[in-house]
Amino acid sequence: MIYARQIALCVIFTVLALRNLDAQTSAKLNVKLPLQQKSIRFAVIGDSGTGDRDQYEVAQQMESYRKLVGFDFVIMLGDNIYGGHAPRDFAQKFEIPYKPLLDAGVKFYASLGNHDDPNIERLYKPFNMGGQRYHTFKKNDAQFFALDSDYMDAPQLKWLEDNLKGSNARWKICYFHHPLYSDGKMHGADLDLRNQLAPLLKTYGVNAVFSGHEHAYERIKPEDGIYYFILGSSGKLARHDFRESQQMVKSFDRDRTFMLVEIAGDALYFQTISRSGETVDSGELVRQQRTATAQAAGR
């Protein structure tokens, strides 16, 4: 009875908040993406699964922008469900906040974080993991590789190398929880993971990498022709988190965020949006030419 009452209150809150948000922000939405025909459009969230008001408000902004942008899938950068993993947790921390997106047919593709339970979440059908800790899927001329950076063992590294080597996609995009590069003071870069992954990403022509874990947003200068984004603030937030560095292009640690991404030809367009609807970063990135190492590896 208590569980049912909690769910009912969450639904009521979501409906009322959505109506209020639509009334307040419909005239303020400012899409920076070109919205080209036949482009690939998706959203990015990380460290989202709190079940609190901030997560719900980010989800509401996502739905408002979806109506204009038309993205049809979301990649999740881990820590999808904080705390318990009972059915009520999946309802409060995923199904209810993202219900308008799910009802519109938007698919979510999860990767695992250190607060996730792989034995439960990989089997949760709305996360589209196919029962696996790591998985891949294609959207037109882009292939996505979702990794379990919490347990990067030899079988996973071999799987990644085999799948990257066998991919003929124009865009190869990896996403996982722990960032290889980061100027955050809370966690920072995972150097061991960088030593394991960076050579493979470079050799087999990965174009972009998205990570979470650091509860803020950062865009890093390209490393070996690879674009790096950190977005771990879709539910959690670490304020005043960053140190200035030469590798940082842009950072934002004052509010929760999500990203919109559009891929068209050899260009990747992105827009990072705060809980209030403010655009905190945007731009166009051009797909880097393959390195000699990548060419030698074959593609």
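This is a predicted model: local features need pLDDT of at least 70, side-chain atom pairs count only at pLDDT 80 or more; totals for chains, interfaces and linings use all residues.
Salt bridges, then: a search of the whole structure turns up 17 of them. By salt bridge I mean a side-chain nitrogen of Lys or Arg within 4 Å of a carboxyl oxygen of Asp or Glu.

Residues are numbered from 1 along each chain as its sequence is written, and side-chain values use heavy atoms, with hydrogens and water left out.

Let's start with R275 and E57, whose side chains meet in a salt bridge at 3.0 Å, N to O. This pair links distant parts of the chain, 218 residues apart: R275 sits in the loop between β12 (267-274) and β13 (279-286), and E57 belongs to helix α2 (residues 53-69). Helices (H or I, at least four residues) and strands (E, at least two) are DSSP runs, numbered from the N terminus. Is R275 buried, exposed or in between? With a relative accessible area of 21%, R275 is partly exposed; the scale here is buried under 20% relative accessible area, exposed over 50%, and partly exposed in between, using a 1.4 Å probe and protein chains only.

Next, please find R219 and D281, joined by a salt bridge at 2.8 Å, N to O. R219 is in strand β8 (residues 217-223) and D281 in strand β13, so this pair ties together parts that are 62 residues apart in sequence. Both R219 and D281 are buried. And which residues do salt bridges with shared partners join into one network? They are R53, D54, E57, D255, R256 and R275.

K93 and D89 meet through their side chains at 2.9 Å, N to O, in a salt bridge. Both lie in helix α3 (residues 87-95), four residues apart, or about one turn of the helix. K93 and D89 are both buried.

Before I stop, two backbone spots for you to look up. D79 has a phi near 55°, a positive value in a residue other than glycine. You'll find D79 in the loop between β2 (73-76) and α3, and at 1% relative accessibility D79 counts as buried. H240 also has a positive phi, near 50°, and is likewise a residue other than glycine. H240 lies in the loop between β9 (226-231) and β10 (248-252), and at 65% relative accessibility H240 counts as exposed.
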